[in-house]
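Subject: Structure handover and findings

Dear colleague,

Please find below the structure I am handing over to you, followed by an account of what was found in it. I would be grateful if you could read the two side by side.

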Amino acid sequence: LQLIVCGEAAIPVPELKKSVTFSPHRPTSERLFWEAVEQMSHRDRSLLCQFVTGRPRLPVHFVVNWSEDTSRLPQATTCSMEMTLPRYATTAQMYSRLTFAFQHCGDIDADDR
């Protein structure tokens with residue numbers, strides 16, 4: 001019952017791949033994104049999903065929009081389930097900027113605090 005109501009707690013990369021759309025299609029950046037996600041723990045993948053969608057478990061669906069401004073951190077809009085992600089040059093840079101963004105963003109549930 002918990003699985004039906006709450007969703008899957010563990011977030012396997014193959015399942016997450018079914019849930020993400022990239023706009024526009026950028027094969028090199030997409031590869032770096034998935035390499036970074038594969039390095040993440042299940043907890044960090046959960047935080048990534050929560051950062052983009054407001055939901056920490058599967059199923060989720062979100063869109064990654066690419067930005068050319070690599071000086072910026074990733075930005076998410078939970079109401080439209082979209083993330084603007086700079087096209088970082090390396091997997092290490094993609095990983096560090098993504099994890100920094102979702103580990104240091106404000107809590108979506110804190111709007112009324």
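Which backbone oxygen lies 3.3 Å from a polar atom of the side chain of Thr-99? The backbone oxygen of Ser-96 lies at that separation, which is within the limit for a polar contact (a pair of N or O atoms within 3.5 Å; within protein, one must be able to donate a hydrogen and the other to accept it, and residues adjacent in sequence count only if both atoms are side-chain atoms).

Before the remaining findings, two remarks on conventions. This is a predicted model, in which local features need pLDDT of at least 70 and side-chain atom pairs count only at pLDDT 80 or more, while totals for chains, interfaces and linings use all residues. Residues are numbered from 1 along each chain as its sequence is written, and side-chain values use heavy atoms, with hydrogens and water left out.

Overall architecture

The protein chain has 5 helices and 4 strands, where helices (H or I, at least four residues) and strands (E, at least two) are DSSP runs numbered from the N terminus. Along the sequence they follow the pattern α-α-β-α-α-β-β-β-α. Of the 113 residues, 36% are buried; buried means under 20% relative accessible area, exposed over 50%, and partly exposed in between (1.4 Å probe, protein chains only). Among contacts (heavy atoms within 4.5 Å) with a separation of 6 or more, 61% are between residues 24 or more positions apart. The accessible surface of the chain is about 6400 Å², and carbon and sulfur atoms account for 52% of it; these areas come from the Shrake-Rupley method with a 1.4 Å probe, and for residues only the protein chains shown count as cover.

Helix α5

Helix α5 comprises the 14 residues 91-104.

Thr-99 counts as buried because its relative accessibility is 7%, and it touches Met-40 and Asp-44, leaving aside residues up to four places away in sequence. Thr-91 is also buried, with a relative accessible area of 13%; with the same exclusion, Thr-91 touches Leu-32, Glu-35, Ala-36 and Gln-39.

Nonpolar core

A nonpolar core is a set of buried Ala, Val, Leu, Ile, Met, Phe, Trp, Tyr and Cys residues joined through side-chain atoms within 4.5 Å. The largest has 27 residues, and Leu-16, Phe-33 and Met-83 have the most contacts inside it. At least two residues of this core come from each of α2 (13-17), β1, α3, α4, β2, β4 and α5, and α3 gives the most, with 5 residues. Beyond four places in sequence, Phe-33 touches Phe-22, Leu-48, Trp-66, Met-83, Leu-85, Met-94 and Leu-98.

Surroundings of Thr-53

Thr-53 lies in helix α4 and is buried, at 9% relative accessibility. A polar atom of its side chain lies 2.7 Å from the backbone oxygen of Cys-49, and the side chain of Thr-53 also reaches the backbone nitrogen of Arg-55 at 3.0 Å. The C-alpha atoms of Thr-53 and Thr-78 are 4.6 Å apart, although 25 residues separate them along the chain.

Backbone geometry

Met-81, in the loop between β3 (75-77) and β4, has a positive phi of about 55° although it is not a glycine. Met-81 is partly exposed, at 35% relative accessibility. Two cis peptide bonds may also interest you: one runs from Ser-23 to Pro-24, with omega near -10°, and another joins Leu-58 and Pro-59, with omega about 5°. Pro-24 is in the loop between β1 (20-23) and α3, and Pro-59 is in the loop between α4 and β2.

Yours sincerely

Technical notes. Expected span 1.5 Å × (residues − 1).
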